Amino acid sequence: MITANRADPVPGFVESSFNPLIHDVARRCLTERPGDGTRTALLVGSTVGDSGTTDLASRLLIGGQVSNPLLFMQATANAILGYVSKEFGITGPLIAMSALTGLGSALLDTAHVLLDDEELDRVLLVGVELAGSDRTAAFCRELGLPQPTEDFAVALLVDRDTSFEDSGGYDLRRLAEGPTP
Amino acid sequence: MSEVVVTGFGVRTAFGRGADALRRGVFGGVPAFAPTTRFDTGPYRTPFAATTGTDKPDLMRDVLGECTDEAVEMAGFTARDDTAVLVGTSGDFAVLTRFWRGEAGVEAADTVPAWQADLLAARIGASSGRRLAFTNACVASAAAIIHACGLIASGRVSSAVCAGAYLVEEEVFAKFDSGRAMSRDGFVRPFSADRGGMLLGDGVATVVLESAEAVRRRGGRPLAAVVGWGAGSDAYHVSRPHPDGAGLAAAAGRALRRADDPDGLRIDYVNAHGTATKFNDPAETRGLRRVFGTRADQVPVSSTKSTTGHMLEAAGVVEFVITLLALTDGVLPPTANFTEADPDCDLDYVPNVARDADVRRALNLNAAFGGVNTALVLERR
């Protein structure tokens, strides 16, 4: 697990820790275990997404300020996925998804489906959440969800030999909290 | 592997609800763009968008619900324990604006993508299955369909309800304006030499996908089969497409190999991403030449964003429905507003007028920021 204050900055991605967190954990996995980028997929999951960028842009709009073109580019996780894919030559699927509960299990399940494709060998899955804003606090209250207390990301590189059962169906929050059961 | 079939759809665009509205607008080659009155467009470079004309967009959850009700009714479908509900959305941005304005009665949960999927699942009684939102911007709902196909083909589930939604509002409009991506004159001219960018449009659609075996068992009727699907990335740039359409060709290649047609010899029509931006259209053209080789000149390609506008997260599923209608009606929707050929865009773009055609198989393409690309192959039933 990487928290925001440990993530290296990424040029151009300066308004939120969301993208640097994704880049940092992805880089660590892909550097430690290099592989064939043409047979690799990237999968990012976050319940809320990049609330830092989204809420900043919204507050600028309400304040009557001109929208920053950087926020246009960074409005979705695609931009950092594209950045990582270029850095590591990954040409497989790039997917960003959101689940309300059980995000870690959903990521592993989706990775398993991706690996049904004989043209893929590996999936890098990343779970990322930000501590958030008044908005995230509001919907966590509305839905009875716990609000993250800090910005963090977790990554797991799975290959064809890793089954969902082998991984134990871990929730990424549990992975983030310490030793897995 | 289980065969994946489509049994129902519901759709709403700026042309209104249902297939006939699409036939009148998209297949009629009539653009839906007008100055939008949903917000003050004074600060922006263009006032134009394709909207249903209401001053305020409906709640995304309500329109998603209506389209899903229509899809389920058309299919004669009842959710099963394993039904997956997969929605392409980034959440309701109109609600986001209202939240930060401090308006009363706003439910912040509507801004959370996954909540839209959970709401939809609850509406159709599918809360025990997988419920996910896909947030990949312009390929989001296509990614949802691709995931559904993987789930059904592998036998993990027997059905999936896939949707996508975007309703024009100021948050995203302002971002595209700041990126100078939008046409200033109210026309979207994909593949034309004088194209000036895209415009946003309302789009919401739902499709019901099932295994052919499950449909047979319940006595249902498939509208079409999804015989190929694939995704691929450019590994090139955070926002610009690969100039040779490398990722798009990779996605199409995966889909065509799965469809047992690696050279695309059986494709009769391509519904292109076709945003009418400077970089997309020539890149997509080169990508299609990589896919089809010397046959590329003979494959009709059109961009229906010329009439609907760009529906962002909903583009994949709405254009999936348009492609489905091309198959079932035997009509190719045109690229509207086509003026003069660009030397870098040299395919048959079905300019301005719909064309009768015996369309047995069609390829549906989408692309997004970050060099993310998707491809789906539909086959008539």
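**The largest cavity**

Guide: The largest cavity has a volume of about 300 Å³. This is a predicted model, where local features need pLDDT of at least 70 and side-chain atom pairs count only at pLDDT 80 or more, while totals for chains, interfaces and linings use all residues. Residues are numbered from 1 along each chain as its sequence is written, chains are lettered from A and ligands numbered from 1 in the order in which they are written, and side-chain values use heavy atoms, with hydrogens and water left out.

A cavity here is a set of points, on a 1 Å grid over the protein atoms alone, where a 1.4 Å probe fits but cannot get out; lining residues have an atom within 4 Å of a point. Points are joined across faces, edges and corners, and the volume is the space filled by probe spheres set on them. Searching the whole structure gives 4 cavities of 30 Å³ or more.

Of the 24 residues lining the largest cavity, A:Val48, A:Gly49, A:Asp50, B:Pro113 and B:Thr135 are the closest to its centre. Two or more lining residues come from each of β2 (40-45) and β3 (94-98) of chain A and α3 (93-101) of chain B; these elements are DSSP runs numbered from the N terminus, helices being H or I of at least four residues and strands E of at least two. β3(A) gives the largest share, 3 residues. By class, the lining has 10 nonpolar, 11 polar and 3 charged residues, with Ala, Val, Leu, Ile, Met, Phe, Trp, Tyr, Cys and Pro counted as nonpolar, Asp, Glu, Lys and Arg as charged, and the others, Gly among them, as polar.

Definitions and conventions: 1 Å grid on protein atoms, 1.4 Å probe; cavity = no way out; pocket = protein on both sides within 12 Å on 5 of 7 lines; lining within 4 Å.
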